[in-house]
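Hi,

Here is the structure I said I would pass on.

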Amino acid sequence: MSPILPSPFNEDGVQFAWDSTSINWAQTCLRMYQYNMIERWSPETKSPHLLFGGWYATALEHYHQHRAKELSHNEATHLVIHEALIATWDHDLDETGIPVPETGAPWQSIDNVKTRENLIRTIVWYLEEFQHSETKTLILNGTPAVEQTFAVEFADNLLLCGHMDRLVEYSGEYYVQDQKTTKTTLSPRFFEGFSPNTQMSAYTLAGQIILQSPVSGVMIDAAQIAVGFSRFERGFTFRTEQNLEEWRVDALHAIKQAQDATRNNYFPQNPASCHNYGGCAYRHVCARSPHVRPQFLKGSYIQRDQWNPLESR
Amino acid sequence: MSDLADLFSRDPLSYTKEGGEVDKIIEALRSQRHLFKLGNMSAGSAKPKKKTATAAAAEKLSLDDITL
């Protein structure tokens, strides 16, 4: 049975535990925040990009954990590849939630590039590409700083939560390391897109609080996924103390707006954001007349478990 | 079906240490990466490779066709 998590909302129903995802929702559009965070609506089909990226990040995190336990590169690669193959096979589950062998089928992606085969290929190729990397996993309280779930106080009665892939030392500086997958060509423009960026600023700030030392920014290992290959580039996004303080103040402003909206049960739309990045998942809801939206939501979306920044991932 | 495609099509919970399936997959993918590094942009494609006309014709040959 899964452990019961503390709620990210206080007794008044106002969110106090925030992560970069929920801050992004609040900064993008308060109506999007309401649908995602308060009412828990989600499109029926989980994005293949989220699935692919999640399995990829998990494989690399587990690889670094194995290496920190002094397994060899080949031993660690074998373990994470077998794990990823199992994770991407939709087995039937028994009554205790254990996958039943000889049941189910391989995950079929609705994207023609982010497929199961290309996921496994990308993991193997990445581990080959960076097996001799000069990054060193930091050790925190005797354990490798991999899969770091954090919840730090960044204002009165407000927690900043999240999950970092890895904290590393590189060329004498500390960085948070993050993995990204994309189908686009990797260029300086790709990495420029991470500044300004809520997730990267949140990681850097949290990293500093956890380490009690300056963190220069985020080392981003990006993977371009194509039909016939996977290609990698390492880039950096940096934050000064002034950048971080500015981000903190702006994030607190957005959080306060979301909290006020929750207290007043009024979440205005931000029509300027509806068509960014391929379009908001709820634009079809907002385009409809208010009196039919409840039925449209029930017919075209599902209500998932509460997005909880306090949950370890 | 290629060897790699066959391995991917099987339940990974059925893999065994003796069968070495995981290591075969890793080895095949490392070979693909080597070809990619040499310039083959489709080295990592999971699509079955198309037969050349020569290879297709060769498959139709039989020793019975040879008259000595």
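Below is what I found, starting with how to read the numbers.

This is a predicted model, in which local features need pLDDT of at least 70 and side-chain atom pairs count only at pLDDT 80 or more, while totals for chains, interfaces and linings use all residues. Residues are numbered from 1 along each chain as its sequence is written, chains are lettered from A and ligands numbered from 1 in the order in which they are written, and side-chain values use heavy atoms, with hydrogens and water left out.

Let's take chain B to begin with. It has three helices and zero strands (helices being DSSP runs of H or I with at least four residues, strands runs of E with at least two, both numbered from the N terminus), so the pattern along the sequence reads α-α-α. Of its 68 residues, 28% are buried, meaning under 20% relative accessible area with a 1.4 Å probe, protein chains only; exposed is over 50%, and partly exposed is in between. Chain B exposes about 5100 Å², with carbon and sulfur atoms supplying 58% of that (areas by the Shrake-Rupley method, 1.4 Å probe; for residues, only the protein chains shown count as cover).

Gln32(B) is buried, at 12% relative accessible area. Leaving aside neighbours within four places in sequence, Gln32(B) is in contact (heavy atoms within 4.5 Å) with residues of both chains, including Arg121(A), Trp125(A) and Leu4(B).

Now over to chain A. Helix 5 (residues 116-130) of chain A has 15 residues and reaches 21 Å from its first C-alpha to its last, close to the 21 Å expected (1.5 Å times one less than the number of residues). Helix 5 of chain A is mostly covered, with 13 of its 15 residues buried.

Last stop: Asp178(A), in strand 10 (residues 173-182) of chain A. Asp178(A) is buried too, with a relative accessible area of 4%. Its C-alpha is 9.3 Å from that of Tyr203(A), 25 residues apart along the chain. Not counting residues up to four places away in sequence, Asp178(A) touches Tyr203(A) as well as others, among them Asp165(A), Gln199(A), Val218(A) and Asp221(A).

Cheers
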